[in-house]
Amino acid sequence: MGSMGNRKALEMVRSMPRVSFVNIRDNPGSKKQKKIRGQGGSRGGESGRGRSGKSKRDTRPPIGYEGGTTPFYLRIPMFPFYKNFATRRQYLPVSLEKLQHLIDMGRIDPEEPIDVTSFVHAGAVRINVFDRVYGIHLTDEGADKFVAPVNLEVQWTSELSIAAVERSGGTISLGYYDPQSLDILSHPLQFFRRGQPIPKRLLPPKDLVDMYTDPSKRGYLSDPNQIKEDRLLLAQKFGYELPDLTKGSRRALHRLRKDPRQIFFGLQPGWIINLTDRAVLKPVDAELQEFYRA
Amino acid sequence: MFGRVCLLCSLSRPVLSAHLSRTHQLRAFISSYESQYSLNKLYPGSDQDVTKPLDKPSKELFLRLQDDIEEVSETEKFSGFIPIDKLNIKFSKSGGPGGQNVNKVESKVDLRFHLESAEWLPASIRAQIQEKKQTNINAKGELVITSQKTRSQMRNVQDCLQKLRDIIAEVQRTPKEPDENSAAVWRMRQEKSTRERLKQKTIHSRTKTDRQVYADE
C-alpha cells in the first residue's frame with residue numbers, strides 16, 4: 001500500500017523510457033571527486049614539480065637526507081626491545097581465585113564443561129582475536145584455596161594450576177583454537193546468526209605442537225595413557241591423594257572431551273545452526289561430509 | 001515436525017520434547033563426532049576415558065621423581081612411591097616479613113612420620129636415616145621436615161616432599177674411597193704448598209728488613 005508520493009512516482013516511471021546507464025546518475029554527494037595533483041595556481045600539468053629549472057628536472061635526495069651530515073635516523077643506534085612484540089601470541093590471564101569466585105557467584109556452572117565460552121559469558125575476559133589473543137592462560141594465584149571439581153579447557157597453564165585442579169577432583173586440558181575458531185567460540189550467537197557452516201578447528205602451528213602433545217601439560221593431542229601416568233606423578237609431587245573420578249555423579253562430566261576438529265560440544269563442523277527456526281542444517285553431499293570429517 | 005532435528009546429537013530423529021534428559025545429552029556428546037585426528041585414531045592403544053585409572057602403572061613410574069636409588073635387593077628397593085596418608089602434614093603461619101598476608105595465610109608446612117613404623121621405606125633406608133639424620137629426628141622417633149620457602153602452601157608441600165626424597169637419596173650415597181695413589185699425591189701437594197708459603201714468607205721478611213733504617217747510616 002503506497003502513499004500519495006509513491007503512487008505519483010510510479011505513474012511517472014510508467015511513462016518514462018527504460019532505465020539504463022544512460023539515464024541514471026549517482027546521488028549528489030555520494031562520490032567525492034578525487035583531487036588531481038597540483039591543480040593549484042599554475043593549473044596543474046607539472047606533477048607537483050613546479051616550473052622549469054633544476055628542481056623540476058633533477059632527481060631528489062632520499063627522505064631524511066641532511067645535506068651530507070649523518071642523518072638523525074642513522075645516528076641513533078637500534079634498540080630492538082619490542083621487536084616482534086606485535087606478532088607474538090597473547091593469552092588473557094584468569095586466576096584460579098577468579099575462577100573459584102565465578103563458580104561461587106554462580107556465573108560459571110561447574111556441572112557443565114568450562115571452556116573459553118564460559119569465561120566470556122561470565123564476563124571474566126573479553127576476547128578480540130585481532131589483538132592476537134590465542135586464548136586463556138590459567139594462572140596459579142589462589143591455587144591453595146581452589147576446591148571446585150571442574151572439567152576445564154584452557155590454552156595455557158602451569159604445573160601448579162594443573163595440580164590444584166586435579167587435587168579438587170577435576171580435570172584440565174589444553175586445547176588449541178586458531179583465531180577464526182576462537183572468535184567463533186567466544187561469540188557463538190553472533191556466529192550462528194551469520195548462517196555459515198561451522199568450520200573445522202585447525203591443528204596447532206609447528207612451534208605449539210610440542211606443547212599440545214605434552215602429557216605433563218595435559219595437551220589435547222597427547223596420549224591419554226601418559227596423561228594418566230602424569231596425574232599420578234603430579235599427585236606424588238604435590239603431596240595429595242588423587243581423587244577417584246569413577247565415583248560420584250560427575251563422572252559423565254569428566255569424560256567429556258572435544259574432538260581436535262570440533263569447536264563446540266555436540267556440534268560438528270559443517271553444520272549450520274538456524275536459531276530462528278531452531279533447526280540444524282547438515283551437509284548431505286558425500287564429498288562435503290568427507291571433507292568435514294578429515 | 002520431521003524437519004526439526006535434535007540440536008544436541010547427530011541422530012536425525014524427530015524431537016518430541018524440547019527438554020532432553022541429562023544422560024541422553026551427555027551420551028550424545030560422547031558418541032558424536034570423530035575426525036581424522038581424534039584420539040582414538042592417534043593413540044589406538046590408549047583408553048580415552050580420563051576417569052578410568054591405569055590398570056598397571058609401570059614400576060619405574062615413581063622413580064622419575066627420585067634420584068638414583070641403589071638396588072640393595074629386589075625386596076629392599078624403594079619404589080619411589082610415598083603414601084601421603086601415612087605422613088602427618090600440618091599447616092601453620094610462616095615467619096618473616098610480609099604484612100597482612102604472612103600474618104593470615106597458613107603457608108608453613110610441617111611434615112612428619114614415625115620412622116621405625118614406615119613400612120613403605122625399605123628397612124635398610126630407615127636404618128641409614130636413623131643413623132645419619134639424627135638432627136632431623138625428634139624424641140618420639142619422628143622424622144620432621146618443614147618448609148616455608150614460598151608464599152604458597154602447595155609449593156611448600158612440594159618442597160617438603162622434595163626434601164624427603166633428597167634425604168632418601170643422600171643417606172644411600174656412599175662416600176668415594178680415595179685410591180692408593182691419590183693419598184701420596186695429596187701429601188706431595190700439601191708439602192709443596194707449605195714450601196711455597198714459607199718461601200713467600202721469607203721474601204716478605206727480607207723486604208721488611210730492607211726497609212729498616214739505623215740511626216748511624
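Trainee: In what sense do E1(A) and strand E2 of chain A pair, and over how many bridges?
Mentor: Bear in mind that this is a predicted model. Strand E2 covers residues 133-139 of chain A, and E1(A) pairs with it. The sense is parallel, and the count is six bridges.

Trainee: Which residue in E2(A) does A:Leu92 stand opposite?
Mentor: Stay with that strand pair for a moment. Look across from A:Leu92 into E2(A), and you land on A:Ile136.

Trainee: And which helix packs on the sheet, and what angle does its direction make with that of E1(A)?
Mentor: Look for the one touching both E1 and E2 of chain A: that's helix H4, residues 96-104. Its direction and that of E1(A) make about 60°.

Trainee: Which strands stand at the edges of the sheet?
Mentor: The sheet is open, with three parallel-paired strands in the order E1-E2-E4 of chain A. An edge strand has a single partner, so one side of it is left without a neighbour in the sheet. That gives strand E1 (90-95) and strand E4 (156-157) of chain A.

Trainee: Switching to rings, why is the pair A:Phe192 and A:Phe264 tilted?
Mentor: A search of the whole structure gives 12 aromatic pairs over all chains. In this one the centres are 5.4 Å apart; stacked needs planes under 30 degrees apart and edge-to-face over 60, so what's left is tilted. The plane angle here is 45°.

Trainee: Are those two Phe residues, A:Phe192 and A:Phe264, buried or exposed?
Mentor: The cut-off for the label is under 20% relative accessible area. A:Phe192 and A:Phe264 both come out as buried.

Note on methods:
Residues are numbered from 1 along each chain as its sequence is written. Chains are lettered from A and ligands numbered from 1 in the order in which they are written. This is a predicted model: local features need pLDDT of at least 70, side-chain atom pairs count only at pLDDT 80 or more; totals for chains, interfaces and linings use all residues. Side-chain values use heavy atoms; hydrogens and water are left out. Rings of Phe, Tyr and Trp (its six-membered ring) pair if their centres lie within 6.5 Å; planes under 30 degrees apart count as stacked, over 60 as edge-to-face and the rest as tilted. Buried means under 20% relative accessible area, exposed over 50%, partly exposed in between (1.4 Å probe, protein chains only). Two strands pair if DSSP finds at least two bridges between them. Helices (H or I, at least four residues) and strands (E, at least two) are DSSP runs, numbered from the N terminus. Contact means heavy atoms within 4.5 Å. Axes are lines fitted to C-alpha atoms, for helices over the stretch in contact, and angles run from 0 to 180 degrees between N-to-C directions.
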